[in-house]
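Hi,

Here's the structure I said I'd pass along.

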Amino acid sequence: MMKKLLKDYSSFFEAELTGRYITLNHISPLLERYKNVFKISKIGSSQLGKDIPMITVGHGKKNVLGWSQMHGNESTTTKAVFDFLKLVADKKLLRDEISTFLETYTFHIIPILNPDGAEKYTRENAKAVDLNRDAQELSQPESKVLRKIFDNIAPDLCLNLHDQRTIYGFKDGKTATVSFLSPAANKKRTITPARRKAMDLIEKMATTLQTLIPGHIGRYDDTFNPNCVGDSFQMRGVPTILFEAGHYPNDYVREHTRAYICVALLALFDIIKETGGTSIAYRGIPENKKNFKDLIIRNVSVPEMSKPTSVAFQYQEIVTDGAIKFVLCVDEIAALKNYYGHKEVDVDGAEILVNSQEKYRVGDKVSEIFNKKDNLVLFINKD
């Protein structure tokens with residue numbers, strides 16, 4: 001069933017939202033499209049006066065509150081949400097299951113909580129405040145909007161939708177494509193009833209995803225921080241699930257990952273059910289490790305070092321002409337024995353030229369990389 005669903009994904013893939021740069025301007029036409037299908041409301045304004053919209057789907061007794069782009073540069077889950085909404089609105093697939101969902105749940109989803117950060121493509125809001133560290137002070141208008149909606153709705157479940165960087169993977173060298181967390185409710189990380197409920201739901205989603213991306217499902221670190229929204233809601237006895245959309249091989253724009261997040265939502269709401277597979281226990285989901293670099297060149301001869309080492313590179317994401325440009329930068333020069341590269345090259349003791357220079361430093365932006373020995377191109381900026 002899962003593989004057939006992915007095969008049919010193009011029928012509910014929201015083509016108006018692609019790439020990494022998703023702002024209020026991008027979703028506004030979709031909100032207009034759905035105004036007679038779902039309830040669309042303005043629930044507040046951002047620091048710079050931009051609308052913060054909320055979409056309400058269904059009319060059931062189970063109340064669910066979700067929010068995406070609390071961090072403005074984390075847009076994959078926003079795309080997944082609109083794929084989910086397109087499937088529900090069209091009712092071309094899974095018609096009976098969708099009808100049951102609509103009768104069972106009332107799903108309130110804030111597609112972009114931080115529209116100023118989305119516009120600037122930054123983690124923080126316009127005041128340079130991380131909204132996910134503002135759960136206690138509530139110093140920002142966006143934080144106050146979320147808390148007010150939380151108090152008014154009194155949800156039975158909260159969904160905190162994020163992206164994680166390409167640096168996360170597992171000890172076997174697989175990437176962390178989708179990760180979850182049932183946040184701690186106290187310093188002792190006690191398994192409270194709310195936390196247990198969130199774990200149970202994560203187990204259901206992970207079991208479904210395992211049929212599609214085996215070995216690419218992770219568990220986020222559960223260090224307690226009451227300033228984080230998920231932890232603070234869990235403290236209040238409301239089951240809360242953190243979603244982290246991560247890297248799928250060769251998918252820097254995360255059009256594959258969005259599909260897996262959407263599948264997770266479908267599984268969460270019982271629109272799809274995978275039977276016959278091996279059930280995954282929450283503690284059996286491996287915890288993310290920071291063990292990936294975007295590019296690693298191995299066995300590089302560096303003049304200042306006595307033996308060959310590794311040079312790692314990471315992409316910086318920069319908004320250019322309304323799209324994200326990936327700019328490669330020197331990230332680390334070290335052995336990197338416990339790291340994997342999304343791409344790796346072994347130069348067998350040769351020197352490399354970065355931007356035609358023999359000397360390069362951490363932080364340097366990279367336009368091209370050559371193997372000095374044979375002038376072989378290792379990387380070139382196609383832009």
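Arg 189 is partly exposed, at 36% relative accessible area, while Asp 222 is buried at 7%. In this predicted model, the two form a salt bridge, with the closest N and O atoms 2.8 Å apart. Asp 222 is in the loop between strand E8 (217-219) and helix H8 (229-235), and Arg 189 is in the loop between strand E7 (178-181) and helix H7 (193-209), so the pair ties together parts 33 residues apart in sequence.

The salt bridge count comes to 23, and one group may interest you: Lys 79, Asp 83, Glu 255 and Arg 258 are linked in a network. Within it, Lys 79 pairs with Glu 255, closest N and O atoms 2.9 Å apart. Lys 79 sits in helix H3 and Glu 255 in helix H9 (residues 255-268), so this bridge ties together parts 176 residues apart in sequence. Lys 79 is buried, with a relative accessible area of 0%.

Glu 255 also bridges to Arg 258, at 3.0 Å between the closest N and O atoms. Those two are 3 residues apart in H9, about one turn of the helix, and both are buried.

Back to H3 for some packing. H3 (residues 76-90) meets helix H4 (residues 95-104) at an angle of about 105°, the axes being 9 Å apart, which makes the two roughly perpendicular. Phe 84, Leu 87 and Val 88 of H3 make the contact with Ile 98, Phe 101 and Leu 102 of H4. By type, that's 6 nonpolar residues, with no polar and no charged ones.

Cheers

Note on methods: Residues are numbered from 1 along each chain as its sequence is written. This is a predicted model: local features need pLDDT of at least 70, side-chain atom pairs count only at pLDDT 80 or more; totals for chains, interfaces and linings use all residues. Side-chain values use heavy atoms; hydrogens and water are left out. Axes are lines fitted to C-alpha atoms, for helices over the stretch in contact, and angles run from 0 to 180 degrees between N-to-C directions. Helices (H or I, at least four residues) and strands (E, at least two) are DSSP runs, numbered from the N terminus. Angles under 35 degrees count as roughly parallel, over 145 as roughly antiparallel, 65 to 115 as roughly perpendicular and the rest as oblique. Contact means heavy atoms within 4.5 Å. Ala, Val, Leu, Ile, Met, Phe, Trp, Tyr, Cys and Pro count as nonpolar, Asp, Glu, Lys and Arg as charged, and the others, Gly among them, as polar. A salt bridge is a side-chain nitrogen of Lys or Arg within 4 Å of a carboxyl oxygen of Asp or Glu. Buried means under 20% relative accessible area, exposed over 50%, partly exposed in between (1.4 Å probe, protein chains only).
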